[in-house]
Amino acid sequence: MQSFFSIITWSVDPWVIPGIEFIRWYGLMWVIGMMVSYRLLSHLCKKEAISTDHLDKLVLYLVLGIILGARLGHILFYDPIYYWNNRIEVLPIRLEPHFEFVGLAGLASHGGVIGALIALYLFVRKYNQPMWWLLDRLTIAAALLGCFIRLGNLMNSEIIGLPTSIPWAFIFTRVDSIPRHPAQLYEAIFYFVIFTTLYLLWRSKRLKQYEGVLFGIGLSLIFLQRFVVEFFKENQVGFEDETLFNMGQLLSIPMVLIGIGVIVWSLRRKRST
């Protein structure tokens with residue numbers, strides 16, 4: 001019997017419009033993901049009869065926090081020496097051997113989470129909003145955004161997987177001719193499953209009384225799947241070849257533990273009150 005799966009040759013051009021270098025699939029998927037996540041947040045607020053007066057400001061805070069945090073996270077966690085010697089490339093441009101718009105080539109999700117939390121803290125302080133309530137709903141939207149981001153990585157043939165002989169392997173022709181795990185697609189699917197799980201938990205209202213628990217569940221699941229999928233990815237920087245776990249996995253461990261800690265704190269806090 002012929003297999004249902006077959007190796008996929010992936011030769012998608014990373015530029016949405018040939019010749020226009022600053023419009024890439026990765027950036028476009030970021031924009032689409034943020035727009036869809038914004039609509040989702042608006043939907044959640046309306047269903048709970050919560051005012052959306054500050055929603056635009058909240059999204060602006062978060063977008064800036066996520067992008068700045070993710071960029072700085074990549075620079076600090078993965079290749080600080082390179083960027084110290086090529087400081088102009090912190091910006092989305094390259095000067096050598098010629099001027100080139102490269103986009104934000106390198107965004108770390110762990111840094112994005114930290115940046116988002118700092119931005120949310122500043123927003124909550126300024127506008128006197130409920131921190132844990134926002135975190136629970138934002139985590140649902142964040143999981144959906146993560147799905148779009150990983151699809152963007154797939155379109156750009158980035159964060160490729162290890163060589164494999166599985167029947168659903170991808171050959172990323174912009175990289176080489178070797179069949180590989182479609183690690184970006186694995187993560188996108190996991191993100192969508194996590195989003196669906198969190199949304200159904202929110203809709204069921206079973207955990208409504210436990211503030212912070214959706215955030216804890218989401219944080220734990222997102223970085224647990226990240227830890228697992230890293231085993232199927234090529235390492236991003238050379239020093240990771242000499243370590244038991246790569247940088248993405250090492251950074252994911254505390255995130256999972258923090259998520260579990262928040263879940264336990266939330267459940268105990270409700271019981272004590």
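Of the 273 residues in the protein, 44% are buried, and because the model described here is a predicted one, every value below should be read as computed from that prediction. The accessible surface of the protein amounts to about 15100 Å², with 67% of that area belonging to carbon and sulfur atoms.

The secondary structure consists of eight helices and five strands, and, followed from the N terminus, the elements come in the order β-α-α-α-β-β-α-α-β-β-α-α-α. Among the contacts with a separation of 6 or more, 68% are between residues 24 or more positions apart.

**Helix α1**

Helix α1 covers residues 25-47, which makes 23 residues, and it reaches 32 Å from its first C-alpha to its last, close to the 33 Å expected at 1.5 Å a residue. Its buried residues include Tyr26, Met29, Trp30, Leu40, Leu41 and Cys45, and the elements that cover the buried residues of α1 include α2 (55-78), α5 and α6 (183-204). Just after α1, alanine 49 takes a positive phi of about 55°.

Strands of a sheet pair through backbone hydrogen bonds, and they do so either parallel or antiparallel. In this protein, an open sheet of three strands is arranged in the order β1-β4-β5, with mixed pairing. Strands β1 (8-10) and β5 (179-180) stand at the edges, and because each has a single partner strand, one side of each is left without a neighbour in the sheet. Strand β4, made of residues 170-172, runs antiparallel to β5 and is joined to it by two bridges, and phenylalanine 170 stands opposite arginine 180 in β5.

**Aromatic rings**

A pair of aromatic rings is described by the distance of the centres and the angle of the planes. The count of aromatic pairs comes to 14, and two of them are set out in the table.

| Ring pair | Distance of centres | Angle of planes | Kind of pair |
|---|---|---|---|
| tryptophan 10 and phenylalanine 170 | 5.6 Å | 40° | tilted |
| phenylalanine 227 and phenylalanine 231 | 5.6 Å | 85° | edge-to-face |

Elsewhere, Phe192, Phe195, Tyr199 and Trp202 form one aromatic cluster.

**Asparagine 156**

Asparagine 156 lies in the loop between α5 (131-155) and β4. Is asparagine 156 buried or exposed? Its relative accessibility is 8%, and asparagine 156 therefore counts as buried. The side chain of asparagine 156 is joined to the side chain of glutamate 158 by a polar contact of 3.3 Å. If its neighbours within four places in sequence are left aside, asparagine 156 is in contact with Pro14, Arg24, Trp25 and Tyr26, and Tyr26 is also one of the buried residues of α1.

Methods:
Residues numbered from 1 in each chain as written. Predicted model: local features only at pLDDT ≥ 70, side-chain atom pairs only at ≥ 80, totals over all residues. Heavy atoms only, no water. Pairing = 2+ DSSP bridges. Helix = DSSP H or I, 4+ residues; strand = E, 2+ residues; numbered from the N terminus. Buried < 20%, exposed > 50% of the residue type's maximum accessible area, 1.4 Å probe, protein only. Polar contact = N/O pair within 3.5 Å; in protein donor to acceptor, adjacent residues only side chain to side chain. Contact = heavy atoms within 4.5 Å. Phe/Tyr/Trp six-rings, centres within 6.5 Å; stacked < 30°, edge-to-face > 60°. Areas by Shrake-Rupley, 256 points an atom, 1.4 Å probe, with all protein chains shown as cover. Expected span 1.5 Å × (residues − 1).
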